[in-house]
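Work through these exercises with the structure open beside you. Try each task before you read its solution.

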Amino acid sequence: MQGIYIKSPILKILIGILATLITIGAILLVAFTEEIRMEEQAASWEGRSIENGAALYATACASCHGVDGKGASGPALNSYYFFTDTGRIQDVEFPGSLRQYVKLTIAAGRPSKQQSQWPVRMPTWGADYGGPYRDDQIEEIVDYVMNWRESALAQTPYEDPWRCFEDVPTPCDEQGFVGLLKRVGLTPEEYLAGLPAEAQPTPPPARPAELLFTEMGCNGCHALTKANAAGAVGPDLDPLPQVAGERIPGMSPEEYVYESIVNPDAYIVEGFPPGVMPTNYAQRMSEEEIRSLVDWLLQP
Ligand code: HEC
Ligand code: HEC
């Protein structure tokens, strides 16, 4: 069999360059997808660790610290005071991070602690201290406990489930967050009042009446010359400015048309079926929009 023989040296060079580019491209692609894969792997490892930690917490800790970590015969851990930098970690004067504090407390426990207001003692869990769990299992439990940080820090002073330790160096005359605020000279009310008010969503601008007439489908059922509408399911609205004041004795034209839109079955125009016009317009338009639609319909 005869191989393909390329004569032109330029063509050869081009083919060589092309082959190199394809190889580089392939390598980059593999490197790129590998990076994504590794990131996903890391995220799922962390997720799995929290999951494993949750299972261990449920068996080993929930009975004393509460299923949701808000405390029972043992102290609350899912607490603003517990997680905030100026809270528990500062009061116990622990030299490391909260994570280290949590890990050490879980691993070593406080088996010999005598004066405690708690009816039970915190057991030892780490194998290094004679407890049942390996270091990686302790880490998983720590991951799970630390995973409450965000929700705990979102608690208001009144939501913080913390119950004070009698041994906390700073006098702690009220529970967790509230006691913490007291030390900085704030009442919970002052603290809450100082929080940035939740941003009020700005209402969307009112839509003009002409637009509402088509957007709400009025034109599909009603005829109205100024809207180029020819619907015939409901009454022709061209004579509305003349008839609106006479439909219901004692009702002004504005009141009648308003009522016809928000509560169409309150009055049924002779010769037309009830229960056909939609009854949810009050929810679909703002008060301002309904009023402008009423005015517009009554303008001759
Ligand atoms: C038999 C009840 C009991 C069990 C089970 C228990 N704890 Fe505790 N835990 C306590 C008590 C009581 C304290 C407070 C000890 C003290 O007075 O210092 C405590 C303290 C702690 C603290 C330190 C709180 C602080 O603010 O100083 C952490 C963290 C903690 N426990 C986590 C755990 C975890 C995680 C588990 C499960 C592996 C667990 N505990 C299981 C009773 C328990
Ligand atoms: C699915 C059809 C339908 C749609 C959509 C509809 N209507 Fe109606 N409308 C009717 C029917 C049928 C009647 C007559 C029965 C009644 O009085 O409820 C009516 C009655 C009215 C009346 C009373 C007319 C009179 O002569 O007294 C007004 C005013 C009115 N509609 C305005 C509107 C407006 C404004 C919209 C849009 C926001 C709208 N309608 C959407 C079917 C509809």
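Helices (H or I, at least four residues) and strands (E, at least two) are DSSP runs, numbered from the N terminus. The model is predicted: local features need pLDDT of at least 70, side-chain atom pairs count only at pLDDT 80 or more, and totals for chains, interfaces and linings use all residues. Residues are numbered from 1 along each chain as its sequence is written, while chains are lettered from A and ligands numbered from 1 in the order in which they are written.

**Exercise 1. Loop residues with a positive phi**

Task: Find where Glu93 lies, and decide whether Glu93 is buried or exposed.

Solution. Start with the place. Glu93 sits in the loop between helix H4 (88–91) and H5. Next, apply the burial rule. A residue is buried if 20 or more other C-beta atoms lie within 10 Å of its own, exposed if 12 or fewer, and partly exposed in between; C-beta atoms are placed from the backbone. Glu93 has 9 other C-beta atoms within 10 Å, so Glu93 is exposed. Now check the backbone. Most residues other than glycine have a negative phi. Glu93 is not a glycine, yet its phi is positive, about 55°.

With 10 other C-beta atoms within 10 Å, Asn228 is exposed.

**Exercise 2. A proline in a loop**

Task: Decide whether Pro157 is buried or exposed, and list what it is in contact with beyond its sequence neighbours.

Solution. Locate Pro157 in the loop between helix H7 (149–153) and helix H8 (176–183). Count next: Pro157 has 22 C-beta neighbours inside 10 Å, so it counts as buried. Then look for contacts (C-beta atoms, placed from the backbone, within 7 Å). Leave aside neighbours within four places in sequence. Pro157 then touches Phe177, Val178, Leu181, Pro188 and Tyr191. Take Tyr191: it is 34 residues from Pro157 in sequence, but 8.6 Å away in space, C-alpha to C-alpha.

**Exercise 3. The shells around the ligands**

Solution. Use the cut-off: a residue is near a molecule if its C-beta atom, placed from the backbone, lies within 6 Å of it. For ligand 1 there are 27 residues, and the closest are Cys61, Cys64, Gly74, Ser116 and Met122. Helices H1 (9–60), H2 (62–65), H5 (98–108) and H6 (135–146) each supply at least two residues of this shell. For ligand 2 there are 28 residues, the closest being Cys218, Cys221, Gly234, Phe272 and Met277. Helix H11 (218–221), H12 and H13 each give two or more residues to the shell around ligand 2.

Methods
Two residues are in contact if their C-beta atoms, placed from the backbone, lie within 7 Å.
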